[in-house]
Amino acid sequence: MRRTNWLAALLIAPLLLLIIGSFLMPVGLTLFRAVADREVAAALPDTSTILAAWDGQRLPPEAAFAAVARELAAALEERRIGDVAQRMNFERTGLRTLLLRTARAGDRLQAPYVASLVALDARWGESETWLMLQRAGGPTTSLYLLRAMDLTRGPDGAVMQVPDDEKLFQTLFIRTLWVSLLVTAICVLLAYPVAYTITRLRAPWSSVALTLVLIPFWSSVLVRTTAWFVLLQREGPVNDALIGIGILEAPAQILGTRIAVLLALVHVLLPFAILPMHSVMTRLDATYLRAAASLGANGVQRFFRVWLPLSLPGVAAGGAMVFLLSVGMYTAPALVGGDRDQMVTWFIANFMTRDVNWGMAAALSAYLLAMSGAVIALTRILTGGTIQAGARA
Amino acid sequence: MRDHPLARLLLRGTTVLVLGFLMAPMLAVVVLSFSPTELMVLPPRGFSLRWYEDFLTAGRWVLATRNSFVVAIATTILATPLGTAAAIGLQLGRFRGKALLVTLLTLPLVTPYIVTAASMYFAYSLAGLSGSLLGLVLGHTVVAVPFVVMAVLATLQTFDANLLRAAASLGAAPLPAILRVVVPNTWPGIAAGAVFAFATSLDEFVITLFLAGPGQFTLPRQMYASVREFLTPTILAAATLLFLCSLIFLLVSEALRLRAARKVVR
């Protein structure tokens with residue numbers, strides 16, 4: 001027996017190592033990045049050390065001014081000032097300019113540094129600038145996680161809401177949840193009668209119908225979303241048809257609207273709702289129905305008191321799968337949605353590639369993971385089983 | 001036990017509509033890809049293969065197809081043995097925490113792809129793997145391998161462990177016994193896992209978008225870029241060809257499923 005276990009461990013180990021190394025560790029690193037704050041300490045080590053000992057009253061000592069002037073110039077020289085400038089600019093817009101201007105001043109800054117820095121830019125004379133540098137000294141920060149919820153810290157360090165015109169993420173999360181819930185509801189409502197009918201159909205019709213569900217299930221999300229992109233164009237077939245039957249008078253702009261996103265998402269995710277329901281229903285014992293009938297239950301009673309409760313695990317599994325995939329879906333909204341229809345995923349992508357703000361991308365990822373985890377946990381509690389995944393979104 | 005005729009009519013009507021909704025966009029793409037002009041209108045005004053010719057002669061589409069197949073083949077070669085070995089190990093082993101291990105190995109399936117992609121983008125660039133073929137194959141393998149594990153685990157449920165004991169009693173060493181007893185008896189599951197891994201890699205888009213280097217265009221990535229740039233029926237030809245691949249994968253996987261089912265009956 002022990003030998004078998006050794007063999008089993010030997011067989012599992014390679015894949016386990018691969019998953020740990022190229023999946024679990026990267027995801028862990030992302031979660032760590034959501035709270036990590038190392039840019040300032042890395043670029044301005046001496047300044048950080050001096051500021052760490054500063055009590056925050058009035059202005060820091062001359063040594064801090066000297067250190068920041070020297071270290072910023074050195075960081076510019078060695079071309080690694082970008083990270084710290086970006087980090088501080090995220091703390092307050094405009095700090096990037098301050099840091100770059102100071103770094104470029106280089107040799108022109110002379111002792112006493114307090115005077116020459118303040119002469120260069122009055123913001124060096126404000127203790128708030130220094131407080132922000134002190135707060136960014138690391139090694140961890142709640143800045144990104146707070147900002148991803150439209151929260152920030154005031155000068156005194158208390159958590160507060162960001163100004164209304166900068167609010168973005170609360171709406172974003174509510175929109176993501178709302179769209180996902182709507183898609184899940186539509187998918188479950190459409191999938192249930194289909195799964196029921198397929199289960200009750202006779203061969204070969206049941207196989208034919210099931211194949212028509214499996215074909216979209218197997219084809220790629222991008223292909224299906226592209227199809228909607230083509231169909232929904234201004235001069236596309238859907239507009240033509242709507243004008244043809246007299247619903248529309250002129251072509252409507254459907255692409256870039258919420259309707260387009262919902263259509264594409266429901267189309268992409270519907271098979272993920274039908275298949276688990278169908279698999280639960282085929283295993284459902286028909287003798288229960290006969291028993292109910294022999295006890296005098298009519299069709300409606302048989303459905304609501306026997307069939308529906310017994311098929312609920314399939315509904316829960318399918319609904320959870322659709323919700324999970326919908327929350328994490330990037331392709332469909334990115335392609336057919338407008339700016340106001342984008343979900344958390346789009347912002348993660350943007351923070352990564354356009355803004356190069358990895359802290360924000362990581363914080364949003366952390367919340368997205370938490371949402372997914374909560375859905376999985378909830379489904380497990382409700383159905384007592386695992387979700388049968390089959391996602392290729 | 002029959003449903004009320006009216007209920008049956010309603011249910012079948014809904015089913016036909018929903019299945020029509022599922023199939024229609026794909027059929028439209030297939031039809032439009034044979035359009036003789038750049039206009040994408042239904043019903044088509046003629047038939048032509050010019051967009052397929054364009055696909056086969058345009059350098060970027062040919063390159064994207066080649067890249068896609070290179071990555072998919074490499075992913076399948078990496079994912080199939082790793083996933084099969086892990087599934088056999090999970091079936092053979094008698095230890096605690098097996099359920100946890102299965103969850104861990106299939107975690108990439110329920111993690112939002114964008115989070116996986118972002119994380120790999122961070123981590124692989126630290127490891128110097130971003131923009132490399134190896135990085136892309138590793139990324140695809142992570143999301144493809146759970147399908148192999150699940151497919152092989154499913155066929156192993158019907159594998160008679162006594163066969164392995166018999167092999168051992170006849171003096172076979174453990175590893176050769178697995179290769180010569182377990183693998184031949186579960187090959188439909190292993191093949192189905194391989195098909196799923198190949199299909200997953202061929203269709204994978206989000207991870208590719210972030211991990212691939214400037215020159216590493218796969219078919220989905222090229223399609224996405226082209227759609228955003230300028231919509232031509234060539235994209236629809238590419239979509240139709242990918243769709244055709246999915247149909248083949250579906251056929252093969254169904255054939256393998258039937259084969260596995262027959263094995264059990266016998």
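# Reading the labels on chains A and B

Mentor: Leaving aside neighbours within four places in sequence, A:A297 contacts A:A292, A:R302 and A:R305. This is a predicted model.

Trainee: What makes A:R302 count as a contact of A:A297?

Mentor: Two residues are in contact if their C-beta atoms lie within 7 Å. A:R302 is listed among the contacts of A:A297.

Trainee: Where is A:A297 found?

Mentor: In the loop between α15 (286-294) and α16 (299-327) of chain A.

Trainee: Why is A:A297 called partly exposed?

Mentor: A:A297 has 16 C-beta neighbours inside 10 Å. Buried needs 20 or more, and exposed means 12 or fewer. The count of 16 falls in between, so A:A297 is partly exposed.

Trainee: How do you know whether A:L143 is buried or exposed?

Mentor: Count again. A:L143 has 22 other C-beta atoms within 10 Å. The cut-off for buried is 20 or more, so A:L143 is buried. A:L143 sits in helix α9 (residues 143-147) of chain A. A:L143 and A:G359 are 216 residues apart in sequence, yet 8.9 Å apart in space, C-alpha to C-alpha.

Trainee: What share of chain A is buried?

Mentor: Buried residues make up 43% of its 393 residues.

Trainee: Why is A:V356 called exposed?

Mentor: A:V356 has 12 other C-beta atoms within 10 Å. Exposed means 12 or fewer, so A:V356 is exposed. A:V356 is in the loop between α18 (344-353) and α19 (358-383) of chain A.

Trainee: And why is A:R58 called exposed?

Mentor: A:R58 has 8 other C-beta atoms within 10 Å. With the limit at 12 or fewer, A:R58 is therefore exposed. A:R58 lies in the loop between α3 (45-52) and α4 (62-77) of chain A.

Trainee: What is noted about the phi of A:R58?

Mentor: The phi is positive, about 45°, although A:R58 is not a glycine. A:V356 also has a positive phi of about 45° and is not a glycine.

Trainee: What kind of peptide bond joins A:A203 and A:P204?

Mentor: A cis one, with omega about 0°. A:P204 is in the loop between α10 (169-200) and α11 (205-218) of chain A.

Trainee: How does the radius of gyration of chain A compare with that of a compact globule?

Mentor: A compact globule of 393 residues would have a value near 21 Å, but chain A has 29 Å. The C-alpha trace spans about 95 × 75 × 35 Å along its principal axes.

Trainee: How many residues does each chain bring to the contact between A and B?

Mentor: Chain B brings 76 and chain A brings 76. On the side of chain B, helix α1 (residues 5-32) gives the most, with 15 residues. That side divides into 59 nonpolar, 13 polar and four charged.

Methods. Residues numbered from 1 in each chain as written. Chains lettered and ligands numbered in written order. Predicted model: local features only at pLDDT ≥ 70, side-chain atom pairs only at ≥ 80, totals over all residues. Rg over C-alpha atoms; globule rule 2.2 N^0.38 Å. Helix = DSSP H or I, 4+ residues; strand = E, 2+ residues; numbered from the N terminus. Nonpolar A, V, L, I, M, F, W, Y, C, P; charged D, E, K, R; others polar.
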